[in-house]
Amino acid sequence: MTQDKTKTTSQTGWGLIFTCWLIAMAALFGSLFFSEVMGLKPCVLCWWQRIFIYPLAVLFLVGLFSLDRSVVRYTLPLAVIGLGFAIYHYLLYTGFIPESLQPCDKELSCAEINLELMGFVTIPMLSIFAYSGIIALLLIFRKRFCP
Amino acid sequence: MKRNMIVTATAILFIVLFFLATAIYKKQSQSEQENASSINPEYIQRDYSPTTGPADAKVTIVEFFDPACGTCSAFYPFVKKLMKDNPGKVKLVLRYLPLHQNSGVVVQYFEAARLQGLFWQTLERAYQTRDAWIDHHVVRPEKFWLQLDGLGLDMEKLNKDVQSAEIIRRVKQDIQDAQQLNVNKTPGFFVNGKPLVYFGAQQLQQLVESEIAANY
């Protein structure tokens with residue numbers, strides 16, 4: 001009975017981290033597709049968001065074999081910092097923060113909207129979805145499996 | 001073990017999806033590019049552009065180039081060789097797409113040199129001396145100017161012509177046409193109006209050869 005319970009918890013926990021890995025992988029390949037295939041040059045803020053999502057794809061993978069509960073400790077800070085950059089970028093896009101305050105050079109403006117999927121989904125928005133999804137899953141994981 | 005498989009399969013799936021999406025995207029942008037040029041073939045070729053090779057050649061390579069672009073410089077001898085290997089069949093039309101900072105000024109110098117009949121010499125000199133007038137991807141027109149010794153250019157006339165309205169208009173037109181054609185990297189090649197979708201020397205050679213086979 002106890003053994004069964006341990007088994008299911010570990011399965012759920014593994015599933016949570018696996019989903020985190022899926023999100024990170026989607027972000028990794030998605031961003032590479034935007035820059036390398038579609039030729040949208042990443043601006044400075046895009047690079048900062050990449051810096052914090054790329055290692056997550058590796059860290060989650062390592063944490064999956066065998067399931068390491070402390071993976072939360074190492075990945076959550078990265079995801080939170082990344083989310084900060086994503087929100088900042090999104091606010092630039094929407095014009096909430098004026099463009100003159102942003103750190104990019106004129107040629108590669110961070111506020112210039114390059115892509116809108118279905119008319120409203122922008123790249124910083126995707127980034128916010130990815131980071132907050134990962135953070136939410138990690139918080140659930142921590143609450144349930146990390147005493 | 002099962003988890004092992006799930007993760008491996010997912011990773012492979014991601015990679016496959018990426019390449020599949022790449023292939024679909026390239027195909028799509030190719031047809032878009034072809035549509036743009038079928039709407040208006042002028043986007044690809046204007047009558048004012050510098051041209052070399054036999055006038056009656058049935059294969060025309062159009063190259064959008066940036067003098068500060070290292071790949072353009074590396075491709076130049078290759079394109080020349082393609083023309084030499086197929087004597088009388090291939091001509092080259094150059095169009096400007098100065099993407100580097102200040103590169104537009106160098107391009108205007110080319111046009112000014114063209115008025116003195118020294119376009120190709122100036123272009124070749126620019127490619128040979130690239131390192132001397134580009135600092136960290138930024139073009140230094142004043143340093144470029146120093147490289148023009150010994151070409152036989154009338155420098156006074158050159159400096160005057162550089163600012164001519166017609167030259168500025170042509171460069172602007174080239175850049176606009178490149179945008180219409182979705183050419184956003186240099187060199188951007190078209191052979192008889194067909195875009196080179198997968199970039200590479202071998203791919204360019206194949207495209208040129210297939211056009212030669214179709215027209216001769």
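**Chain A, overall**

I looked up burial in chain A to begin with: of its 147 residues, 26% count as buried. I note here that the model is predicted. I then listed the elements of chain A and found four helices and zero strands. Read from the N terminus, the order in chain A is α-α-α-α. I also checked how far apart in sequence the contacting residues of chain A are. Among contacts between residues at least 6 apart, 76% join residues at least 24 apart.

**Chain A, α2 against α3**

I took the pair made by helix α2 (residues 44-64) of chain A and helix α3 (residues 71-94) of chain A. Their axes lie 9 Å apart, and the packing angle is about 155°. I recorded the crossing of α2(A) and α3(A) as left-handed.

I wrote down who makes the contact. From α2(A) the residues are Leu45(A), Trp48(A), Gln49(A), Phe52(A), Ile53(A), Pro55(A), Leu56(A), Leu59(A), Phe60(A) and Gly63(A). From α3(A) they include Val71(A), Tyr74(A), Leu78(A), Ile81(A), Phe85(A) and His89(A).

I went on to the loop between α2 and α3 of chain A, where Ser66(A) is found. The peptide bond from Phe65(A) to Ser66(A) is cis, with omega near -25°. For reference, most peptide bonds are trans.

**Where chain A meets chain B**

I looked up the contact between the chains: 10 residues of chain A are in contact with 10 residues of chain B. On the side of chain A that touches chain B, the elements giving two or more residues are α1 (2-37) and α2 of chain A. α1(A) gives the most to this side, with six residues. I sorted the residues of that side of chain A by class and got nine nonpolar, one polar and no charged. I noted the scores of the model as well: ipTM is 0.73 and pTM is 0.66.

**Chain B, overall**

I repeated the survey for chain B, which has nine helices and seven strands. Of the 216 residues of chain B, 31% count as buried. Among contacts in chain B between residues at least 6 apart in sequence, 78% join residues at least 24 apart.

I checked confidence next. Chain B averages a pLDDT of 90, and 98% of the residues score at least 70. Among the elements of chain B, strand β3 (residues 90-96) of chain B has the highest mean pLDDT (95), and strand β4 (residues 134-135) of chain B has the lowest (85).

**Chain B, α3 against α8**

I looked at helix α3 (residues 103-115) of chain B and helix α8 (residues 165-180) of chain B. Their axes come within 10 Å and cross at roughly 125°. That angle makes α3(B) oblique to α8(B). I recorded the crossing of α3(B) and α8(B) as right-handed.

Gly104(B), Val107(B), Gln108(B), Glu111(B) and Ala112(B) make the contact from α3(B). Ile167(B), Ile168(B), Arg170(B) and Val171(B) make the contact from α8(B). My tally by class for the contact of α3(B) with α8(B) is five nonpolar, two polar and two charged residues.

**Chain B, backbone in the loops**

I went through the loops of chain B for backbone entries. Most residues other than glycine have a negative phi.

Asn102(B) lies in the loop between β3 and α3 of chain B. I noted its phi as near 70°, a positive value in a residue other than glycine. Asn102(B) has 17 C-beta neighbours inside 10 Å and therefore counts as partly exposed.

Asn192(B) has a positive phi of about 45°, although it is not a glycine. I placed Asn192(B) in the loop between β6 and β7 (194-195) of chain B. Asn192(B) counts as partly exposed because it has 17 C-beta neighbours inside 10 Å; a buried residue would need 20 or more.

My last entry is the bond between Thr186(B) and Pro187(B), which is a cis peptide bond with omega about -5°. Pro187(B) is found in the loop between α8 and β6 (188-191) of chain B.

Technical notes:
Residues numbered from 1 in each chain as written. Chains lettered and ligands numbered in written order. Predicted model: local features only at pLDDT ≥ 70, side-chain atom pairs only at ≥ 80, totals over all residues. Axes fitted to C-alpha atoms, helices over the stretch in contact; angles between N-to-C directions. Left-handed = near helix turned anticlockwise from the far one by under 90°. Contact = placed C-beta atoms within 7 Å. Nonpolar A, V, L, I, M, F, W, Y, C, P; charged D, E, K, R; others polar. Buried ≥ 20, exposed ≤ 12 C-beta atoms within 10 Å, placed from the backbone. Parallel < 35°, antiparallel > 145°, perpendicular 65-115°, else oblique. pLDDT = per-residue confidence, 0-100.
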